[in-house]
Amino acid sequence: LKTAVLRQRDALVAKDGGLRRQDRADLCASFQAAVAEVLTAKARRAIDNYLQECPDTPLLAVAGGVAANTAIRSHLSDLCIQSGVRFLAPPLALCTDNAAMIGFAGLMLFADGGRDGFDLSARPRWPLDTTQPAMLGSGKKGAKA
């Protein structure tokens, strides 16, 4: 999705010699709508699976920076209403990106003398289960994990 936005931006720059304010607004709105649609579709599948296992306690909780996006929050809230599932999200003031928490945890480890080597490979798609083979998604030319 990010690559599609980048290509669209580059096409507009090539065609018009730059980005107009409206172009920027349209690109951002389209990106937000696409993210909200994808997250809602994935949440719908997760809710369907969850309801098969725990039909008595349906709840969808959303947190972090994504929960601060009012469009995404609205889509997920509407999905929960349609599905008969309780929706839970913190107040907007508490919906912050996890990067600050991760940075602070790293600072505390560093202050306590914790050090890691520089031998860790940078991998943009790190697998959750390293014992399983890498899975290929649609459009990928090969394993990136």
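**A chat about the helices, cysteines and core**

Q: Is Cys54 buried, partly exposed or exposed, and why?
A: In this predicted model, Cys54 counts as partly exposed because its relative accessibility is 30%.

Q: And why does Cys28 count as exposed?
A: Its class follows from the relative accessibility of Cys28, which is 51%, and the exposed class begins over 50%.

Q: How many disulfides does the structure hold?
A: The structure holds zero disulfides.

Q: What does Cys80 touch, then?
A: Leaving aside residues up to four places away in sequence, Cys80 touches Ile47, Leu60, Val85, Arg86 and Phe87.

Q: Which residues make up the largest nonpolar core?
A: That core has 12 residues, including Cys80, Cys95, Ala36, Ala43 and Ile47. Helix 2 and helix 3 each supply at least two of its residues, and the largest share, four residues, comes from helix 3.

Q: Changing topic: which residues of helix 2 are buried?
A: Asp23, Leu27, Ala36, Thr40, Ala43 and Ile47 are buried there.

Q: What covers them?
A: The cover includes helix 1 (2–16), strand 1 (59–61) and helix 3 (70–83).

Q: How far does helix 2 reach?
A: Helix 2 spans residues 21–53 and reaches 48 Å from its first C-alpha to its last, close to the 48 Å expected.

Q: What follows helix 1?
A: Gly17 follows helix 1, with a positive phi near 75°.

Terms used
Residues numbered from 1 in each chain as written. Predicted model: local features only at pLDDT ≥ 70, side-chain atom pairs only at ≥ 80, totals over all residues. Heavy atoms only, no water. Expected span 1.5 Å × (residues − 1). Buried < 20%, exposed > 50% of the residue type's maximum accessible area, 1.4 Å probe, protein only. Contact = heavy atoms within 4.5 Å. Disulfide = S-S within 2.5 Å. Core = buried A, V, L, I, M, F, W, Y, C linked by side-chain atoms within 4.5 Å.
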